[in-house]
Amino acid sequence: MVLTPWMLNDLLARLTAPSGSLYLPADIDPHTLVESLADRHGAPRTLALDGFTDGS
């Protein structure tokens, strides 16, 4: 499945409070979703690793 900007907006709009959960349709590839989000919001990064935080 190809994620269009409209579909991505719809998925993000369905997110609720931090305690909410979003179940993705089975035909959405998680890697494609991460790439689509990275295109929109920047590459994901590690905030903490091996007890150290990334201060940048």
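Visitor: Which residues does L8 touch, not counting residues up to four places away in sequence?

Guide: Leaving out residues up to four places away in sequence, L8 touches L33, S36, L37 and R40, where a contact means heavy atoms within 4.5 Å. This is a predicted model, in which local features need pLDDT of at least 70 and side-chain atom pairs count only at pLDDT 80 or more, while totals for chains, interfaces and linings use all residues. Residues are numbered from 1 along each chain as its sequence is written, and side-chain values use heavy atoms, with hydrogens and water left out.

Visitor: Why does L8 count as buried?

Guide: Buried means under 20% relative accessible area, exposed means over 50%, and partly exposed lies in between, with a 1.4 Å probe and protein chains only. L8 has 5% relative accessibility, and therefore it counts as buried.

Visitor: Where is S36, and why does S36 count as buried?

Guide: S36 has its place in helix α2, a helix being a DSSP run (H or I) of at least four residues, numbered from the N terminus. Its relative accessibility is 16%, so S36 counts as buried. Not counting residues up to four places away in sequence, S36 touches L3 and L8. L8 and S36 are 28 residues apart in sequence, and their C-alpha atoms are 7.8 Å apart in space.

Visitor: Does V2 count as buried or exposed, and why?

Guide: V2, found in the segment before α1, has 67% relative accessibility and therefore counts as exposed.

Visitor: How do you know that the span of helix α2 agrees with its 12 residues?

Guide: The expected span of a helix is 1.5 Å times one less than its number of residues. For the 12 residues of α2 (residues 30–41) this should give 16 Å, and because the end C-alpha atoms are 16 Å apart, the two values agree. Just after α2, G42 takes a positive phi of about 100°.

Visitor: Which residues of α2 are buried, and what do they pack against?

Guide: The buried residues of α2 are L33, S36 and A38, and they pack against α1.

Visitor: What makes up the largest nonpolar core?

Guide: A nonpolar core is a set of buried Ala, Val, Leu, Ile, Met, Phe, Trp, Tyr and Cys residues joined through side-chain atoms within 4.5 Å. The largest one here has six residues, namely L3, M7, L8, L11, I28 and L33. Helix α1 (residues 5–13) gives the largest share of this core, three residues.

Methods. Helices (H or I, at least four residues) and strands (E, at least two) are DSSP runs, numbered from the N terminus.
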